[in-house]
Amino acid sequence: MTQKEQQVAGLVLAAGGGRRLGGRPKALLEHRGRPLVEHAVGVLRAAGCTRVHVVLGAGAAVVRERAELGDCVLVDNPDWERGMGTSLRAGLDSLTGTGARAALVSLVDQPGIGIEAVARVLAAYDGESSLVSAAYEGVRGHPVLFGAGHWAGIARAATGDQGARGYLKEHAAEVRLVECGDVAQPYDIDTEADLSHLE
């Protein structure tokens, strides 16, 4: 295991309730015969994250029961209905004191972003001041990597569905963009029509 793999923890935001999907928790949507949250964890692990924290919200008890999440640290976000910002805060909080020096954040509902894109973002990590984002034809997307030096600022800025968007905009000059458009598709599974992307 490289030092990089030990220092960067994977963080899957998997708390969404799938409001436009009839209230089905996104973590439990099926992809390749298994819950989507398992797929997301598998991608982070295969890309090199040995430690993975998963933030759960909607249907958390059922997700724990149905998904095989092995030695992941499962983090409950009781405020998940207030938006992705609350999940990002809960996830970063859970990493405080673990020795992780950066968090590589991925969203459970983006199965088109695979191992290659995550590995590229991970490879750009260079310490606690790192701010790295995958880009698709130059446009910032996921996954994103936040060095621990930024966690407090991101947590303060993460409100509603904004997540880290405002913070990244404010610190745009420091964000290293890693082009991933050739190896990944950044669609979200938000609506019934999007379910066609699942295999």
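Predicted model: local features only at pLDDT ≥ 70, side-chain atom pairs only at ≥ 80, totals over all residues.
Two strands are taken to pair if DSSP finds at least two bridges between them. Leu 145 in S8 is the bridge partner of Val 132. S7 and S8 together form a hairpin with 2 residues between them. In the turn of this hairpin, Glu 137 has a positive phi of about 50 degrees.

The loop between helix H5 and S7 contains Ser 130. With a relative accessibility of 3%, Ser 130 counts as buried, because the cut-off for burial is under 20%. Its side chain reaches the backbone oxygen of Gly 127 at 2.9 Å. When residues up to four places away in sequence are not counted, Ser 130 touches Ala 124, Tyr 125, Leu 145, Phe 146, Gly 147 and His 150. One of these contacts, Leu 145, is the bridge partner of Val 132 in S8.

Helix H5 itself spans residues 115-123, and its residues Ala 117, Val 118, Val 121 and Leu 122 are buried. These four cover an arc of only 135 degrees around the axis, which puts them on the same side of H5.

The largest nonpolar core comprises 43 residues, of which Val 12, Val 37, Val 54 and Leu 104 touch the most other members. Two or more residues are given to this core by each of strand S1 (8-14), helix H2 (36-47), strand S4 (52-56), helix H3 (60-66), strand S6 (102-107), H5 and S7. Helix H2 gives the most, with 7 residues. The surroundings of Val 54 illustrate the contacts made by one core member. Leaving aside residues up to four places away in sequence, Val 54 touches Val 12, Ala 14, Val 37, Val 41, Cys 72, Val 73, Leu 74 and Val 75. A second, separate core of 23 residues includes Leu 13, Val 55, Val 75 and Leu 168.

The structure holds 0 disulfides. Cys 72 is in no disulfide, and the nearest cysteine sulfur, that of Cys 49, is 11 Å away. Cys 72, one of the residues that Val 54 touches, counts as buried at 10% relative accessibility. For Cys 180, the closest cysteine sulfur is likewise in Cys 49, at 14 Å, which is too far for a bond. Cys 180 counts as buried, with a relative accessibility of 0%.

Two aspartates in loops were also considered. Asp 109 lies between S6 and H5 and is buried, with a relative accessible area of 8%. A polar contact of 2.6 Å joins its side chain to that of Lys 26. Besides Lys 26, Asp 109 touches Leu 36, Tyr 187, Asp 188, Ile 189 and Asp 190, not counting residues up to four places away in sequence. Asp 79, in turn, is found in the loop between strand S5 (73-76) and helix H4 (84-95). At 35% relative accessibility, Asp 79 counts as partly exposed. The C-alpha atoms of Asp 79 and Gly 57 are 7.6 Å apart in space, and the two residues are 22 residues apart in sequence.

Arg 156 is placed in helix H6 (residues 151-157). With a relative accessibility of 66%, Arg 156 counts as exposed, because the cut-off for exposure is over 50%. A separation of 33 Å lies between the C-alpha atoms of Arg 156 and Leu 195, which are 39 residues apart along the chain.

How values were computed:
Residues numbered from 1 in each chain as written. Heavy atoms only, no water. Buried < 20%, exposed > 50% of the residue type's maximum accessible area, 1.4 Å probe, protein only. Arc of directions from axis to C-beta. Core = buried A, V, L, I, M, F, W, Y, C linked by side-chain atoms within 4.5 Å. Contact = heavy atoms within 4.5 Å. Polar contact = N/O pair within 3.5 Å; in protein donor to acceptor, adjacent residues only side chain to side chain. Disulfide = S-S within 2.5 Å.
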